[in-house]
Amino acid sequence: MAQHNLRGSVGRPLAPDLGTTALNLVYQAAEVFSSMEDHARETEARAQSICKSAAEGLNLAEKRIEAAERARREADSKLLEASRALMQAQFRIEAAEDQLTAVEFRAQAAEAEAREAKNALALIEEAIRRRLLRASPEEESSLRETAASETASRR
């Protein structure tokens, strides 16, 4: 009866079939594990590649940030220089305007002095005509009126 359990329905022993089947299952399991290991290696390689690419991208981004910060600092420096130059230009403009105002006042004073000198010269000419040239009494009264009006207009 023990032999009967070890034999199949056709009369062959079950042990060699079981061994082959077990061996086939072991091979299949080994292939599955090998396939899983290959897949894991490929996944790991892809992950490493993605990490490397991300690290390179990060490094590139950091370099761009540093370059942008340098450019911003340079721009700030140039802006500060331009601001200082503008302030200096404004001070020079204000000084030039002050000088122009002073020159205008001096010009007005010089014009007033020139008018006074012209009036004085007219008085001198009148005196010369009256005294040296002995102008007639009618001319003398006319010259006096002219001189008086010029003197009054100066005041």
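The chain's accessible surface comes to about 13500 Å², and carbon and sulfur atoms account for 59% of that.

**Overall build**

- The protein chain has 3 helices and 0 strands.
- Follow the sequence along and you get the pattern α-α-α.
- Helix H2 covers residues 14-132, while helix H1 covers residues 2-6.

**How confident is the prediction?**

- Averaged over the protein chain, the pLDDT is 85, and 79% of the residues score at least 70.
- Confidence is highest in H2, at a mean of 93, and lowest in helix H1, at a mean of 44.
- Residues 1-9 have a pLDDT below 50, and this stretch makes 8 contacts in the model beyond near neighbours in sequence.

**Salt bridges**

- How many salt bridges does a search of the whole structure find? The count is 3.
- As background, side chains of opposite charge can pair when their charged atoms come close.

*Asp38 and Arg41*

- These two form a salt bridge, with the closest N and O atoms 2.3 Å apart.
- Arg41 and Asp38 sit 3 residues apart in helix H2, so about one helical turn separates them.
- Arg41 counts as partly exposed because its relative accessibility is 48%.
- Asp38 is also partly exposed, at 34% relative accessibility.

*Arg72 and Asp76*

- The side chains of Arg72 and Asp76 meet in a salt bridge, at 2.9 Å from N to O.
- Both residues belong to helix H2 and are 4 residues apart, or about one turn of the helix.
- Asp76 has a relative accessible area of 40%, so Asp76 counts as partly exposed.
- Arg72 is partly exposed as well, with 46% relative accessibility.

*Glu126 and Arg130*

- Here the side chains of Glu126 and Arg130 meet in a salt bridge, at 3.4 Å from N to O.
- Arg130 and Glu126 lie 4 residues apart in helix H2, about one turn of the helix.
- Is Glu126 buried or exposed? Glu126 counts as buried, because its relative accessibility is 6% and the cut-off for buried is under 20%.

**A nonpolar patch on the surface**

- Which residues form the nonpolar patch on the surface? They are Leu121, Ile124, Ile128, Leu132 and Leu133.
- Together, these residues have about 520 Å² of accessible area.
- One of them, Leu132, lies in helix H2.
- Leu132 has a relative accessible area of 66%, and since exposed means over 50%, Leu132 counts as exposed.

**If you only remember a few things**

- Helix H2 is where the confidence is highest.
- The pair Arg41 and Asp38, the pair Asp76 and Arg72, and the pair Arg130 and Glu126 each lie in helix H2.
- Read residues 1-9 with their pLDDT of below 50 in mind.

Technical notes
Residues numbered from 1 in each chain as written. Predicted model: local features only at pLDDT ≥ 70, side-chain atom pairs only at ≥ 80, totals over all residues. Heavy atoms only, no water. Patch = residues over 30% accessible without salt bridge, like charges linked within 9 Å, V, L, I, M, F, W, Y side chains within 5 Å. Areas by Shrake-Rupley, 256 points an atom, 1.4 Å probe, with all protein chains shown as cover. Salt bridge = Lys/Arg side-chain N within 4 Å of Asp/Glu carboxyl O. Helix = DSSP H or I, 4+ residues; strand = E, 2+ residues; numbered from the N terminus. Buried < 20%, exposed > 50% of the residue type's maximum accessible area, 1.4 Å probe, protein only. pLDDT = per-residue confidence, 0-100. Contact = heavy atoms within 4.5 Å.
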